[in-house]
Amino acid sequence: MIDTEELRRLAQAATHPTTKGRWIHLFGDRTVYDRLEDGCRGVPIVATDYRPPNPQEAAYLDFIAAANPAAISELLDRLEAAERERDECNARRLEAADHF
């Protein structure tokens with residue numbers, strides 16, 4: 001089971017106020033950066049020791065950049081909304097069943 005509260009806490013802790021949690025991995029670069037609003041490189045988040053990274057390392061860096069705090073927060077928001085909708089639907093179904 002995923003501890004969504006802890007995951008949200010970690011995402012919020014990793015979010016920089018300037019970048020709002022978006023990260024970028026530039027093709028051929030060995031580093032994932034936080035992205036400044038103007039698109040320039042920001043602070044390094046994670047890097048590999050090899051330059052250029054091999055295909056597997058590049059895939060890891062791409063994934064880390066994609067699974068940034070903003071993306072994780074949005075996924076958690078969507079999950080919570082879907083769970084609320086499911087719970088409301090189940091409650092309506094039970095209420096309807098009580099009327100029969």
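Tutor: Let's start with a term: buried means under 20% relative accessible area. Keep in mind that this is a predicted model.

Student: Thanks! What share of the 100 residues in the protein is buried?

Tutor: The count runs over the 100 residues of the protein. With the cut-off for buried at under 20% relative accessible area, the share that qualifies is 23%.

Student: In what order do the helices and strands follow along the sequence?

Tutor: The protein has three helices and three strands. Read along the sequence, they give the pattern α-β-β-β-α-α.

Student: How far apart are the end C-alpha atoms of helix α3, and why does that agree with its 30 residues?

Tutor: Helix α3 covers residues 69-98. At 1.5 Å a residue, its 30 residues should span 44 Å, so the separation in the model agrees with that expectation. The end C-alpha atoms are apart by 43 Å.

Student: Which elements are included in what covers the buried residues of α3?

Tutor: Happy to show you! In α3, the buried residues are P69, I72, S73 and L76. An α-helix has 3.6 residues a turn, so residues three or four places apart point the same way. The cover over the buried residues of α3 includes α1 (4-13) and β1 (23-25).

Student: Is L26 buried, partly exposed or exposed?

Tutor: L26 sits in the loop between β1 and β2 (31-35). Its relative accessibility is 26%, and buried would need a value under 20%, exposed one over 50%. L26 therefore counts as partly exposed.

Student: How far is the C-alpha atom of L26 from that of D62?

Tutor: Along the chain, L26 and D62 are 36 residues apart.

Key:
Residues are numbered from 1 along each chain as its sequence is written. This is a predicted model: local features need pLDDT of at least 70, side-chain atom pairs count only at pLDDT 80 or more; totals for chains, interfaces and linings use all residues. Side-chain values use heavy atoms; hydrogens and water are left out. Helices (H or I, at least four residues) and strands (E, at least two) are DSSP runs, numbered from the N terminus. Buried means under 20% relative accessible area, exposed over 50%, partly exposed in between (1.4 Å probe, protein chains only). The expected span of a helix is 1.5 Å times one less than its number of residues. Contact means heavy atoms within 4.5 Å.
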